[in-house]
Amino acid sequence: MRENNNPWIEEQEEEEKNKVEQVEKQKELLSTKDIEPKIKGLLNKLSPVNFDSISEQIWNYAKGSIDHLKTVVRMIFDKACDEPHFATQWAKLCKKIQDILSTSKSFDTLIQDAAIKDKQGHPASGVYLYRCSLLNRCQEQFEMEGGWWSNNSQQVSLNNVKMLSDEYYIAMKQKRQGLGLVVFIGELYKQEMLTSKVVGHCLTKLMEDKECVGDEEVETVCKLLSTIGETFDQVIQTKFWMNHYLQDMEKIIRTNKKLSTRVKFKVMDVIDLRKNQWISKEKRK
């Protein structure tokens, strides 16, 4: 067999190799500010049609460094809270990235975070690091000052502001993102990225003071139960929990005089939803 000593071909191959190396090097040099608009554009384009290709592109940015990974997690999280109608899509994206990570051995050795330790006490890496970054953010946001339903100094209550005022829009945004958070938590559970114990903790936290529970807490519980109800009812243990939660809710709407009629109807809607095998009215039509 004759060796290929054509200098034209060799030069072209060398040029292609250099281009690939330059692209990879450029990704490493990109700052988080550089990648944010690119990731934002990809998230805006994400749809069921292009899901796999867009997921791969987002992953290519995430694997650049620990800061890139955390930036991707933060932006997906913010998107999920702000757009609860697409929570299923955002949770599937999180699961997709985790699946890619589980097969990427190079990421384990290249990207580590000494601030987070794994069960063996080593710097976190790979799937463990990714899950910690995502789930810690969910936990911090859920437990921060009690969440959007809490009457603390950082939250603006819809009951105390004028319609269409600046404060009203701030309160509406807080409510949308608070409800978006629990829907996202529910969808992560359905993707098996959260355990039923974590979801149970969230529900218990929301209803820990049953005598003083208000509209905000009850509406949030309704949102979470509607999201995870069908999945909870498929397992004996969590089905038992569901019975308990709904019994508590029925008792609350009978005895709590502070609850608005609107929220009481939301509780009744969840109870009806379960009676109809978690099939919504729209789907039953």
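Predicted model: local features only at pLDDT ≥ 70, side-chain atom pairs only at ≥ 80, totals over all residues.
Residues are numbered from 1 along each chain as its sequence is written, and side-chain values use heavy atoms, without hydrogens or water. Local features need pLDDT of at least 70 and side-chain atom pairs count only at pLDDT 80 or more, whereas totals for chains, interfaces and linings use all residues.

Helices (H or I, at least four residues) and strands (E, at least two) are DSSP runs, numbered from the N terminus. The axes of helix H5 (residues 87–102) and helix H8 (residues 166–190) come within 9 Å and cross at roughly 50 degrees. Axes are lines fitted to C-alpha atoms, for helices over the stretch in contact, and angles run from 0 to 180 degrees between N-to-C directions. H5 and H8 are therefore oblique to each other; angles under 35 degrees count as roughly parallel, over 145 as roughly antiparallel, 65 to 115 as roughly perpendicular and the rest as oblique. In contact (heavy atoms within 4.5 Å), Ala-87, Thr-88, Trp-90, Ala-91 and Cys-94 of H5 meet Val-183, Phe-184, Glu-187 and Leu-188 of H8.

Strands E1 (residues 112–117) and E2 (residues 123–125) run antiparallel and are joined by three bridges; pairing requires at least two bridges found by DSSP. Asp-113 stands opposite Ala-124 in E2. Five residues separate E1 and E2 in a hairpin, and Gly-121 in the turn has a positive phi of about 85 degrees.

Nine salt bridges are present in the structure, each a side-chain nitrogen of Lys or Arg within 4 Å of a carboxyl oxygen of Asp or Glu. Asp-82 and Arg-176 form a salt bridge through their side chains (2.7 Å, N to O). Asp-82 lies in helix H4 (residues 66–82) and Arg-176 in helix H8, so the pair ties together parts that are 94 residues apart in sequence.
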